[in-house]
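Colleague: I would like to learn how to read the features of a model like this one. Please start with the terms.

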Amino acid sequence: MYLKRLDLQGFKSFPEKVKLEFNQGVTAVVGPNGSGKSNVSDAVRWVLGEQRAKSLRGDKMEDVIFAGTENRKPLGFAEVSITIDNQDQKLPLAYTEVQVTRRVFRSGESEYRINGTACRLKDIQELFMDTGVGREGYSIVGQGRIDEILSAKGDERRRIFEEAAGIVKYKTRRNEAASK
Ligand code: ATP
Ligand code: MG
């Protein structure tokens, strides 16, 4: 499983449609300060279901929508699609390529799709559970995250190991069953 492609439209500093293709192995994103490098990694976390505007370096979710510049009007929605190569079937779906899409409008309403079919945020969270990908996954290591893990308290650190061990979905299902 690897990140194949990222499509952005109206997300933060990307008003126009942008397609970023990635290969297996290491990809480095380089550019001057303020050119949008961190916005690319924000887009990955956002499309995977990030709900905390602060963690996307904004105050409210609307801040991910292109806000306009001197000679360009603000946009009404932002959309990001992430395409993952799933030839190894690490994601529990019978597709060799999985595309997850999220769109948000200024009203705050979000829409999610998996391979073009509308779904719930929960479906996306479940799809990536225990894969290391996803909002809480260890596949994205943000600034300060290493320190956070090192200084984490027992419970919090255990959650990181549980995700790596692949047992989060069982715990989630058990808790759901227990609360019914
Ligand atoms: P650095 O090297 O300093 O880390 P960077 O390449 O990571 O920089 P980003 O933080 O990704 O840069 O991009 C910051 C830019 O994105 C700023 O110019 C900011 O104005 C712009 N930006 C963020 N949100 C929006 C938005 N909603 N609409 C338009 N521009 C935005
Ligand atoms: Mg940055």
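Modeller: Helices (H or I, at least four residues) and strands (E, at least two) are DSSP runs, numbered from the N terminus. This is a predicted model, where local features need pLDDT of at least 70, side-chain atom pairs count only at pLDDT 80 or more, and totals for chains, interfaces and linings use all residues. Residues are numbered from 1 along each chain as its sequence is written, with chains lettered from A and ligands numbered from 1 in the order in which they are written.

Colleague: At about what angle does helix H2 run to S5?

Modeller: Axes are lines fitted to C-alpha atoms, for helices over the stretch in contact (C-beta atoms, placed from the backbone, within 7 Å), and angles run from 0 to 180 degrees between N-to-C directions. Helix H2 (residues 121-128) runs at about 45° to S5 and lies across S4, S5 and S6.

Colleague: What is the strand order of the open sheet?

Modeller: Two strands pair if DSSP finds at least two bridges between them. The order of the six strands is S2-S1-S3-S4-S5-S6, with antiparallel pairing. Strands S2 (18-21) and S6 (117-119) are the edges, each pairing on one side only.

Colleague: Is Ser35 buried or exposed?

Modeller: Buried takes 20 or more other C-beta atoms within 10 Å of the residue's own, exposed 12 or fewer, and partly exposed lies in between, with C-beta atoms placed from the backbone. Ser35, in the loop between S2 and H1, is exposed because it has 12. Asn39, in helix H1, has 18 and is therefore partly exposed.

Conventions
Contact = placed C-beta atoms within 7 Å.
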